[in-house]
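Please open the structure in your viewer and keep the selection tool at hand.

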Amino acid sequence: MKKRTILFLLTVIAALFLAACSNDNSEHSNKNQADHKTEQKQNSNSTKDEGMTEMHHEGMDMNHSSSGEVPQGLKEAANPKFKVGSKAIINSDHMEGMKGAEATIIGAYETTVYTISYTPTTGGEKVTNHKWIIHEEIKDAVDQPYKPGDEVTVEADHMKGMEGAKAVIDSAQRTTIYMVDYTSTTGEKVTNHKWVTESELTVK
């Protein structure tokens, strides 16, 4: 009788132990599945956000043409590689239909040119590495060129929401920059476009 009681107790203990293990494995499996779903959702949202940012930058209202007026204090280049009135081929692609287009040089100037990141004053996604603004298009610009990481206020109006925006300098280089007329490869006629750097042009 005593042996049967002990055997019965051992059987009950073993059953409880197996049940506990089963529940633990089930909870662990459910947790892994939940973590996997959360990770998939986060990756999906991240990809979506990146795509929205890129589309927002490409689809913004960009002023390809301008009045031709240049900022006060901007100095003409003494001996530019591309003379005013000459032709050149545009190699840059920071605007749709620009790369490969034939350009007429309207003006050539010596200055420091910047790429910037900023949030438009009209709201929306942050614009990163925008090309280009020049030193003379920065509000209350100091005499010395700005460095990457410096914060400035933009006076240029190349894009909607740019003028008056707070921006961070991404890169800076001293070079000759050009104002050009061109017809884009998509058929749009652009006049007094600001700006194209010397390295973005090749001799026709």
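How many aromatic pairs does the count come to? In this predicted model, the count comes to three aromatic pairs. Two of them are visited here, after a word on how such pairs are described. A pair of aromatic rings is characterised by how far apart the centres lie and by the angle between the planes.

**First stop.** Select Phe82 and Tyr178. Their ring centres are 5.7 Å apart and their planes stand at 80°, so this pair is edge-to-face; the angle qualifies because planes over 60 degrees apart count as edge-to-face. The pair links distant parts of the chain, 96 residues apart. Phe82 is found in the loop between strand 1 (75–76) and strand 2 (87–90), whereas Tyr178 belongs to strand 6 (residues 166–183). Phe82 has a relative accessible area of 3% and is buried. Tyr178 is also buried, at 0%.

**Second stop.** Now select Tyr109 and Trp195. Here the ring centres are 6.0 Å apart with the planes at 80°, so the pair is edge-to-face. Tyr109 lies in strand 3 (residues 102–118) and Trp195 in strand 7 (residues 189–197), so parts 86 residues apart in sequence are tied together. Tyr109 counts as buried at 9% relative accessibility, and Trp195 is buried at 0%.

**Third stop.** Turn to the surface and select Asp140, Glu155, Asp157 and Glu163, which gather there in a patch of negative charge. Is Asp140 buried or exposed? Asp140 has 67% relative accessibility and therefore counts as exposed. Asp140 is placed in the loop between strand 4 (127–134) and strand 5 (151–153).

How values were computed. Residues numbered from 1 in each chain as written. Predicted model: local features only at pLDDT ≥ 70, side-chain atom pairs only at ≥ 80, totals over all residues. Heavy atoms only, no water. Patch = residues over 30% accessible without salt bridge, like charges linked within 9 Å, V, L, I, M, F, W, Y side chains within 5 Å. Areas by Shrake-Rupley, 256 points an atom, 1.4 Å probe, with all protein chains shown as cover. Salt bridge = Lys/Arg side-chain N within 4 Å of Asp/Glu carboxyl O. Lys, Arg positive; Asp, Glu negative; His and termini not counted. Charge placed at Lys NZ, Arg CZ, Asp CG, Glu CD. Helix = DSSP H or I, 4+ residues; strand = E, 2+ residues; numbered from the N terminus. Buried < 20%, exposed > 50% of the residue type's maximum accessible area, 1.4 Å probe, protein only. Phe/Tyr/Trp six-rings, centres within 6.5 Å; stacked < 30°, edge-to-face > 60°.
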